[in-house]
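Me: I'd like to learn how to read a few features of a model like this. Can you show me the structure and take me through it?

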Amino acid sequence: MWSDYRNECQVNAHLCTLMCCLDERDRVQKKTFTKWVNKHLIKVRKHITDLYEDLRDGHNLISLLEVLSGVTLPREKGRMRFHRLQNVQIALDFLKQRQVKLVNIRNDDITDGNPKLTLGLIWTIILHFQVCTLH
């Protein structure tokens, strides 16, 4: 009985350690990606402070893609959820047109501020516009 308890405690401790490591990795990625986005947005006098919040309406995402590509994109001007979803969809469609593979990233994921998928989207953008242009 005590060995079961000790093993369960060890497993729980290990899981807590893993979760802390994952949280730390996400925090570092968020900070790094925010700096990368701001490095490009400064060219159009824009700045984000929270990667997950500040991309939700799609405006900063569209601005980022415009800076990176040199292409002007349309955007919805309203503030309702529908407009935010449309703006994010404009950005996602633009990436798809450029053969950027987006795996399971939908407009509502970004509009809702999903941390994992927002990090995944920015990583995909970095790979396409930063890494791929080096070759």
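Me: Which helix is Trp-123 found in?

Reply: Some ground rules before that. This is a predicted model, where local features need pLDDT of at least 70, side-chain atom pairs count only at pLDDT 80 or more, and totals for chains, interfaces and linings use all residues. Residues are numbered from 1 along each chain as its sequence is written, and side-chain values use heavy atoms, with hydrogens and water left out. Helices are DSSP runs (H or I, at least four residues), numbered from the N terminus. Trp-123 sits in helix α6, residues 115-131.

Me: Is Ser-63 buried or exposed?

Reply: Buried means under 20% relative accessible area, exposed over 50%, and partly exposed in between (1.4 Å probe, protein chains only). Ser-63, in helix α3 (residues 59-69), counts as buried because its relative accessibility is 4%. Trp-123 has 44%, so that one counts as partly exposed.

Me: What is Ser-63 in contact with, leaving aside neighbours within four places in sequence?

Reply: Contact means heavy atoms within 4.5 Å. For Ser-63 the list is Leu-41, Val-44, Lys-46 and Arg-75.

Me: Which residues are buried in α4?

Reply: Helix α4 covers residues 81-97. Its buried residues are His-83, Leu-85, Asn-87, Val-88, Ile-90, Ala-91, Leu-92, Phe-94 and Leu-95. Their cover includes α3, α5 (107-111) and α6.

Me: And what follows α4?

Reply: Gln-99 does, with a positive phi near 60°.

Note on methods: Helix = DSSP H or I, 4+ residues; strand = E, 2+ residues; numbered from the N terminus. Expected span 1.5 Å × (residues − 1).
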